Amino acid sequence: MYGARGDEYAPCPMRRSNLPAELNRFVGRSTEQAALTALLDVSRLVTVVGMGGVGKTRLALRAAAGTQKRYVDGVRLAELAPLRDPELIEYALAEALDLTDHTTRPPREMLVEHLAERRVLLVLDGFEHLVEECAPLVRELLEQAPGLCVLAVGRRPLRVAGETVFPLAPLAEADAVALLAERAAEAGAPALPGAAAPHGAPALTGAPGRPGLPAHGSDTAIGSGIGVGGSAPRSPVPARPGAPDAVRELCRRLDGIPLALELAAGRLPLLSVEQMLHRLDDRFRLLTDGARGALPRHQTLRTAIGWSHELCTPEERLLWARLSVFPGAFDLEAVEYVCGGPELPAERVLDLLGGLLAQSLLVREDTPLGPAYRMLDTVAAYGSEWLAALDDTERMRRRHRDWYMGLATWCELEWFSPRQAEVAARTEAALPHLRAALDLCLELPEDAHLAQHLAGTLWFAWVGCGRLSEGRHWLERALALDSGHEEARLKALWVLGYVAVLQGDGTAAVAALHECGERARSSHNALAEAYATHRMGCLALLTDDLPRAEELIGRALEEYRALGELNSNVLMGQIEVALARAFRGDWDGAGALCREVRDICEERGELWARAYALYVLGFSALDRGAYAEARELLTEAVVINHTFRDLVGLVLAIEVLALVTVCQGDPVGAAVLQGAAATLWDAVGVRLFGSVAFDAPRTLCQRRSEEALGREAYEAAYREGQALSAAEAVELAVAARPDPTTGAPAGESAPRPFRTAKVGGGPGNAEARRLPHR
């Protein structure tokens, strides 16, 4: 990814792992960690199973982090617990692997292709509720990708051939006492007898703590002990910590379950160990007899969570229940809206969050967008039961949906602003919630119009942030319903048409856009009709019908102006007209249009459309023979498109940058870039949309590079480029600089791919049209 520095962008190193950052120490489990690590040496599928709260995720992440050097293509974590729709499993895996695919092929096919020749460890966390759909996918990936290893984490096995099941038991007494002592100290409790400070010498029993990863994921808590805003423990008088025997007895009574121990540690600033034992004994007698169908340790965990629930204030309990509707990390503003009300005033939410955090019922995560909070699945499930008992689940799910629909609306408006990069980041962070909102809208027949509205509003996430395939999934599901709301349906139709155009699916695009145009005319919706006309023009551009493209998009632009519509889509229309003119030989006209777009983008802080304007301006500079200028413009376009995960813009810019590279005297570098672009096209769809006009730079670059290198050397460099990932291709494109002592031979004219074409004539030049497609 790339980070903004004013108008500049700096490449960040490609991450081989997306495992969470370390927050507190990993305590105990040395034997289990060694055994799990050894299993990964001999089995390609290892599943860590155990009850909720036993520390499965924590141990799996620790083992995965310790084996990273074995996997040259990385260790990737896919969190499946937030998913409701089984069809989203494949999209979640693609997201975890940093894959972007614009094609119409099933995501499973793309996953298989990507993993086929790579050595990767894939950690699947929280799959148990999706096991029927997850197991066949894991089986197929393992069969088709011999270098893939899977470390699964759940409450039951996948039951796939070759699976090695690793049952995880609760902590041994020594480790349990060490964990309790460490987390109690983090929570600000008085030191337990015989225990050292958190990072000091031996814990109470002499079992050393071990540095590790943060508790993260589906079933393990992080005992940070620090409330929101640094809230202090609420007891004004420190309680007597307790004797060593009492500490051991508390750990035994909690059956060595890490989550139960961390919840207890969160209470030690308020109660002594003896007080906790007394209250816990009462709680055990009250509850354990009633759950005869549960296993003893499940009873213990449920009892510990229930006891923590009882010790919360009434407001904290209510917030706990309401927070259970969040499927992923959430921020303070979302909690204030979704969970606030007469019983929970918004101004109280911050303090209440601090109380839950101090008791290890919440996890805090520091993100680039600010602090975020997460409720562990086991804790959330308990809260969900209380929410259901209050008969408030549907209302809270609707409030959750309404907040994230509002966020999507804000993001759509702010996409055309200096906050565009922030919008992309917020959309990515909110993806679990947006999926839950779409699920709810589709689940309730009376809310079909909201599903269509939300799926259409997120056009910038589907088109501008590299999620075409998932966007089409939601748009088609929403449009399959009869909403009775014409405006929502029209927007979803033109967005679906836009997505299908970029996927190279002309049939689906024409069907959606034709329906949109007809219905828009019938309902006198001039704006929806303009968008449908615009996207039909975009389809004409990609299929080389340049006069029709210019006519249709020009008509749409006139309608936008009449209606006062100005946004990134409108600017893209102007860029598309510029391309149609450029491909017909009018580079001056194309350049004028794109300079105007660039000026508007600079004024508004818009980056996404700016990248496409820079692509055309770089192309124009190449046509003039201004290679250095072309490289500068195209390099910036490459960086912006990669930032937004826009593969279409990225690969187009790299194709022209390859031609600039050979013109500057580096045929090897040009061939490598061409190979990298070929791999990217596999994820975009039909190579250069099947367009002769878009294909002209590639064919000209290939011919010039082969003439300079010879066929064999060209093919070798091309294959080198094919092996690059998208991030590696971007790093190469940005870093590539020609040797100033070399370049095009003196007196040789620029290639000028379209110079021979006449305005109003066919696409591309005659030489390019005669060159064979690769």
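## Exercises on rings and a pocket

By the ring-centre rule, this predicted model holds 17 aromatic pairs.

**Exercise 1.** Classify the pair W587 and F619 as stacked, tilted or edge-to-face.

*Solution.* Start with the distance: the ring centres lie 5.1 Å apart. Pairing requires centres within 6.5 Å. Next, take the angle between the planes, which is 50 degrees. Stacked needs under 30 degrees and edge-to-face over 60, so the rest count as tilted. W587 and F619 are therefore a tilted pair.

**Exercise 2.** Find which helices W587 and F619 lie in, and what their pair ties together.

*Solution.* W587 belongs to helix α26, residues 587-604. F619 belongs to helix α27, residues 608-624. The pair therefore ties together parts that are 32 residues apart in sequence. Both W587 and F619 are buried.

**Exercise 3.** Name the residues that ring pairs link into a cluster with W415.

*Solution.* Ring pairs join W415 to a cluster with W459, F460, W608, Y612 and F644.

**Exercise 4.** State which rings the charged ends of R399 and R535 sit over.

*Solution.* Take R399 first. Its charged end sits over the ring of Y337, 4.8 Å from the centre. Now R535. Its charged end sits over the ring of Y498, 3.5 Å from the centre.

**Exercise 5.** Describe the second largest pocket and its lining.

*Solution.* Begin with volume: the second largest pocket holds about 450 Å³ of space. Its lining has 17 residues, and E412, K491, L527, Y531 and E565 are the closest to its centre. Elements α15, α21 and α23 each give two or more residues to this lining. α21 gives the most, with 5 residues. By type, the lining divides into 9 nonpolar, 4 polar and 4 charged residues.

How values were computed. Residues are numbered from 1 along each chain as its sequence is written. This is a predicted model: local features need pLDDT of at least 70, side-chain atom pairs count only at pLDDT 80 or more; totals for chains, interfaces and linings use all residues. Side-chain values use heavy atoms; hydrogens and water are left out. Rings of Phe, Tyr and Trp (its six-membered ring) pair if their centres lie within 6.5 Å; planes under 30 degrees apart count as stacked, over 60 as edge-to-face and the rest as tilted. Helices (H or I, at least four residues) and strands (E, at least two) are DSSP runs, numbered from the N terminus. Buried means under 20% relative accessible area, exposed over 50%, partly exposed in between (1.4 Å probe, protein chains only). A charge sits over a ring if NZ of Lys or CZ of Arg is within 6 Å of the ring centre and within 35 degrees of the ring normal. On a 1 Å grid over the protein atoms alone, a cavity is a set of points where a 1.4 Å probe fits but cannot get out, and a pocket is an open set with protein on both sides within 12 Å along at least five of seven lines; lining residues have an atom within 4 Å of a point. Grid points are joined across faces, edges and corners, and a volume is the space filled by probe spheres set on the points. Ala, Val, Leu, Ile, Met, Phe, Trp, Tyr, Cys and Pro count as nonpolar, Asp, Glu, Lys and Arg as charged, and the others, Gly among them, as polar.
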